[in-house]
Amino acid sequence: MNVRPKKALGQHFLTDLSIADRIAATLDEYRGLPVVEVGPGMGVLTRFLLERGHDVTVVELDGESVEYLRANMPQLDGRIVAEDFLKLDLGALVPGDGKFCLIGNYPYNISSQIFFHALEWKDRIVCVSGMLQREVARRLAAPEGGKERGILSVLLQAWYDVEYLFTVDENVFNPPPKVKSGVIKMVRNGVTDLGCDPVLFKKVVKTTFSQRRKTIRNSLRPLLAPGAPLPDSPLMAMRPEQLSVAQFVELTNLVANTGCYEGI
């Protein structure tokens, strides 16, 4: 029995076992922690995670893939969650308030949403790794100053150290995607408090990047009440991709101190 890749689910099944092994190896230092795998398909990556001794729970929406895993991977008995990852209470997958890792060959069409969802569980997810479209992977790891930097770059790097590991060519998938893939690894940093209002921080990041060609002086205006004065800071002359996480924290506090920002 084989599973038919479904375009609607963004499925591109990895056929190169050596790459699957390399991706599984990104979690070697976390043996002993539960691992949640997103979109296992026919279990190419799952197999190597199990061989490396990980306690794996898989989340798979595709019924055909679920049937395949149940028939071919009895070691996953009771560990196959046939639900939509984006609607899932991740905390319920791991008992108590324990830490866990997230991994996957993430569907390209929802990869950004997957990382936004994972960010909601940052206090419990200590490491996120896996493969996604190369351009998106580079964006997540992009440092300040580059054109690739965006909303997710800042929001993730506020809480994780993000590293782009290696590129994967199109010809090792069935069916081959039209783009190259990239493998990343994100490790939870030591930040427990950003030093600003985290809800306003997220709003400032999203607001400024929504008009990324403008300087902060102009892109920030929609967040402030009509007629409110702009903060007096050199940051106002910069563009959002130029700012580090620390500078976005500073900018958030400047906005908060005006007392004139719109409701969140």
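Biologist: Which helices each supply at least two residues of the lining of the second largest pocket?

Modeller: Keep in mind that this is a predicted model. The lining of the second largest pocket includes F116 and L119, along with P198, V199, F201 and K202. The helices that each supply at least two lining residues are helix 4 (111-119) and helix 7 (198-209).

Biologist: Where does the largest share of that pocket's lining come from?

Modeller: The second largest pocket has a volume of about 220 Å³. The largest share of its lining is 4 residues, and the source is helix 7.

Biologist: How many nonpolar, polar and charged residues does the lining of the second largest pocket have?

Modeller: The lining includes E120, K122 and K202. Glu and Lys count as charged. Other lining residues include L155, W159 and L194; Leu and Trp count as nonpolar. By class, the lining has 8 nonpolar, no polar and 3 charged residues.

Biologist: What is the bridge partner of G104 in strand 6?

Modeller: Strand 5 (residues 100-105) and strand 6 (residues 125-133) run parallel. The two are joined by 6 bridges. For G104, the partner in strand 6 is G130.

Biologist: Is V128 buried or exposed?

Modeller: V128 sits in strand 6. Leaving out residues up to four places away in sequence, V128 touches L102, Y106, F115, Y160, I184, K185 and M186. Its relative accessibility is 1%, and the cut-off is under 20%, so V128 counts as buried.

Biologist: What separates the C-alpha atoms of V128 and L27?

Modeller: Along the chain, V128 and L27 are 101 residues apart.

Biologist: Is T26 buried or exposed?

Modeller: T26 lies in the loop between helix 1 (17-24) and strand 2 (34-38). Beyond its neighbours within four places in sequence, T26 is in contact with I103, S129, L165 and K185. Its relative accessible area is 8%, under the 20% cut-off, so T26 is buried.

Biologist: Which backbone oxygen does the side chain of T26 reach?

Modeller: The distance is 2.5 Å. A polar contact needs N or O atoms within 3.5 Å. The side chain of T26 reaches the backbone oxygen of I23.

Terms used
Residues are numbered from 1 along each chain as its sequence is written. This is a predicted model: local features need pLDDT of at least 70, side-chain atom pairs count only at pLDDT 80 or more; totals for chains, interfaces and linings use all residues. Side-chain values use heavy atoms; hydrogens and water are left out. On a 1 Å grid over the protein atoms alone, a cavity is a set of points where a 1.4 Å probe fits but cannot get out, and a pocket is an open set with protein on both sides within 12 Å along at least five of seven lines; lining residues have an atom within 4 Å of a point. Grid points are joined across faces, edges and corners, and a volume is the space filled by probe spheres set on the points. Buried means under 20% relative accessible area, exposed over 50%, partly exposed in between (1.4 Å probe, protein chains only). A polar contact is a pair of N or O atoms within 3.5 Å; within protein, one must be able to donate a hydrogen and the other to accept it, and residues adjacent in sequence count only if both atoms are side-chain atoms. Contact means heavy atoms within 4.5 Å. Two strands pair if DSSP finds at least two bridges between them.
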